[in-house]
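Take a moment to look the structure over before reading on.

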Amino acid sequence: MALAQEQVGLLAMGLDCDLNKVSVHRYRVIVESGLNENESQAQQSRKAARLTSIKNNWQPVTDAGLFLVVTLQPLEILNIEIYGFKCTLEPEGEGVLEAAKEGERAAIERLLNQDLYRAALSLAKDRNPSHGRALKASRNSSGWVELEETNPSDRVSTKAAYLDLFKTLRLIPELLPCGKVILGLTLRHKICARDGITVDWVINKRPEWLTAIKRVRHRYTDHGRPRGVAHFHGVANDKTVNSAVPGMPHTLYSYHEEKGHIPPGQAQSVRASHVVKVSYGRKDRFDHLGALLEPMFDFETLQKIDSPLLNRMARDLKWPIIDRLQASAGMVKGLRLPGFGTKVVPVTSLENAADNICPPFSLTFHNGRTSDTEKAVLALGAFRGMTRSQVVCLAVGTSVTSDVLSRHFYKLRESCQRLSAGPLPKWLGMTTPKPLKDAQELDKRLADTPPENTLLVVAIDRSVDKATIRDVAFRHKLACQFMLTDHNPKTYQNSYYNNLAAGVFSKGGGLICGLGEMPGEVDLFIGLDMGGVSQRAPGSAFLFTCNGAQLGWQLADLQSGERLEDEALKSLLHKSIQEYRHHHNGEPPRKITIHRDGRFFESLEVIRDIEQQYDININVLEVIKSGAPILFRKYQHSGQRKYRNPEVGDVYRYVGLDELILATYSGQELGVWGEKVSVRPLRLRKRYGKQSLDIMAQQVLLLSRIHGASLYRHPRLPVTTHHADRFATLRQSCSLDALSHMDRACPVYL
C-alpha cells in the first residue's frame, strides 16, 4: 500500500459534475446518396454523424446505433449535403445515455471529446494573455484534442534558424461507469520547422540533409482536417511544376492553385518549386511540390543532421514532475465544455483507485543465489552459460587500427568471462584483426569458410550500413553483436563492455538470470506484436516461461493493418504451444498469458477455440506504452506540499473497468536524473481471462526486471513486449528473407 503520509496522484483533471446519465436528442439517418460500398454500416453511420456535426457548426454528434445519431442540443440543419454525401435526419425525440452501459458510455465519451474540442477552441480564442501564454487548439487525426502554445517554448532554447519547439498538451477524456470523468493530460514538446523552412529550402540550402529526412508535412489543410503527413522519397529531377497530374486536366501547380493550397503572396516561390516524391502509407508514390511541404525534424533526423543541437535540446526537454503539473494546469485553466455545461476542475481520487502492488523482486543466478537486479550477475555468475561453440570477432568498414580493435575484443571477452560462472566457448579473431572492406567481402568470407554454431562480434563505425551486414550474417544463419568503434573515448569504460557482453552472452545461448516466484498461475507468456500495417511486416510472438527463460520467437503469415487475421493468430498460437511442448517433454502449457503490444483488435473467438482444443486457460492483457497519464507522489515536507516521481508498483485503477496505470520505474532508479524527469507509466487493460488484473500487473512488474542485453537499466516494458518492440524495429530495417534463416531461439533483436 502507499505510505500513509504520501498519496499517489494522476496527472489529470476532472469535471465539476458526474455524467451518470446524459440527455440527448435522437435522429434517424435516411441516406439518399454518397455511400461508400467498401465501408461497413457502422462506418457509414459514423460518417453521417461526423458530416452532420460539420454542417451544424461542429456541434457534438455521434452514432448510437446503425444510422441513429444523437446530439446534446437540437440540430438546426437536418438536410445534410456535403462532400458528395446526402442524407436527411428524422427526429425521434429525446433519450438518455447511461455511463454504466458499455456501448452508451462509449457514445458519451465521443460526445465528450467533441465538446472538449469546442471548449479548447473557445479557450484559445478568449485566452487573456495576463492569464497565460496564447494558445491554439487542434484535433489530431487520431481523435484527441490538443492545446498548443503559439509562441516557442520558454523552456527550451534551440538557437537554431530552422526549427522551433512548442509546448503541446494532449487532452484525452475517460468516462468511468460511475459517471466520473478523468481528463488525462499528456504534456510534451512539438518540434516544428520554422515558418518559411520548406522542403524546397532544404533542397536549395541544405541538400546534404535530404537523405536524413523521412517525413514531411503539408503546409495547407483540406476541409478543416489536420495537416497531412507523408513519407519523403527524394527529389523528382525529371518533373517540374508544369508536369501533368496523371488522370487529371491539371499541372502540379494548377492543381494546388485550384485547391487553394498556395499561401497568400507565395505564388512566385511555388512556381519555382522543385518536385519531390512522397507516399501516404501505401506503395504508390506521388509527385508533390517541395514549396508546399515542410520537413519534419524528429530526434532521429536531428541526430543525423545536427547532433550538437539535439544534445542541447535533450537537457532542457527533461521535465521534473512539479514543472509538468504546473505547466499542464496553466494551459487548461478556464476550460469549460459548452455542450455539457460543465467546467474542468482538479480530479479527485476515488476510493481504492490509488495503491501500490509491487511484489518482491527475486532474480536467480548461478547455484540458486538471488538478487533484485540483473547487474548482480557480475558478482554471482549467470544462471546458465553460453551454448554457442565459438565467438568470432571481426571488423567491417572501420578505419580503426588492428591494435585498437584487438584491445576492444579482449576487453569484451574479459567482461563475458565476468558474467559466466563457467568457461566460455572459443573466441577467434581477436589478435591483430584486419578489417573487411564491406558486406560483400564478409559474405565471401563466410561462404568460403562457413562457421557453424557461431556468434559474430562485428566492429563497425557510424558510416557503415549495419542492416546490410546483419542481413549477410542472417543469411548464413549467424547471429551478430555490433560494436561501434567511433564513440567518444570516454565511453569505453567497464560498463560499456559489460553491456556489450550481456548482448553477446544472451545471443550466444546464455541466460543471465531467472525470475523467482511468479504471482498467479502461468506456464507461458506470449508477447504479441504487429510491427507495422503491411503484409511485409507480419505479426510475431515472443515466448517466455514463468522463470523468464526465452523459448524463441515466431512469425505470423498474414496481417491486415494492426489486426492479425484469425487464421494467422491460430497458427501463431499453435506454433507457440508446440514450441513449449518441445521444451517440456511434450506437455502443453496449462495456463497462458498473452501480452499484446498496444490494442488487442484480434478475435477473442480464436482464443476460446484454442482454449477448448488444448484444454488450457488463456489471459489477454493489453500493454500500452504511450498516452497514459503521468503518476506522481504527493507529500508534506516542512509544512509544504511536495511532489515526486512514483514508486515502482504504484497504480491508479480506473474504477469499474479492468484498466489501470502502472509505474514500472521510480525516480530513485534513475539516479541523478530521478528528480529532473517525469517517469512514464504503462496502461494495462485486461481483455480476456480469469486472472485478476492486479496479479497480471504484478507479473508485468517482474517481467520488466529482466532485459538480457543491459545490466544497468531494466526496461520500462515487460520483457515480452519490450522484445516484441525491439523486433518490430529490426523487421523494418532487415530483410525478412534473411531473417527467416535465423535460429528462432536466438534473441537477434537485442
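At what angle do helix α14 and helix α15 pack, and how far apart are their axes? In this predicted model, α14 (residues 566-583) and α15 (residues 604-614) pack at an angle of about 35°, and their axes lie 10 Å apart. The crossing of the two helices is right-handed.

Now to the residues that meet there. From α14 come D566, L569, K570, L573, H574, I577, Q578 and R581; their partners in α15 are V606, I607, D609, I610, Q613 and Y614. Sorted by class, the contact of α14 with α15 comprises seven nonpolar, three polar and four charged residues.

Stepping back, the protein chain contains 18 helices and 36 strands. Its radius of gyration is 28 Å, close to the 27 Å that the globule rule gives for 750 residues, so the chain is as compact as a globular protein of that length.

Here are some values for the whole chain:

| Property of the protein chain | Value |
|---|---|
| Box filled by the C-alpha atoms, along the principal axes | roughly 80 × 65 × 60 Å |
| Buried residues, out of 750 residues | 53% |

One last point concerns contacts along the sequence. Among contacts in the protein chain with a separation of 6 or more, 69% are between residues 24 or more positions apart.

Note on methods. Residues numbered from 1 in each chain as written. Predicted model: local features only at pLDDT ≥ 70, side-chain atom pairs only at ≥ 80, totals over all residues. Heavy atoms only, no water. Axes fitted to C-alpha atoms, helices over the stretch in contact; angles between N-to-C directions. Helix = DSSP H or I, 4+ residues; strand = E, 2+ residues; numbered from the N terminus. Left-handed = near helix turned anticlockwise from the far one by under 90°. Contact = heavy atoms within 4.5 Å. Nonpolar A, V, L, I, M, F, W, Y, C, P; charged D, E, K, R; others polar. Rg over C-alpha atoms; globule rule 2.2 N^0.38 Å. Buried < 20%, exposed > 50% of the residue type's maximum accessible area, 1.4 Å probe, protein only.
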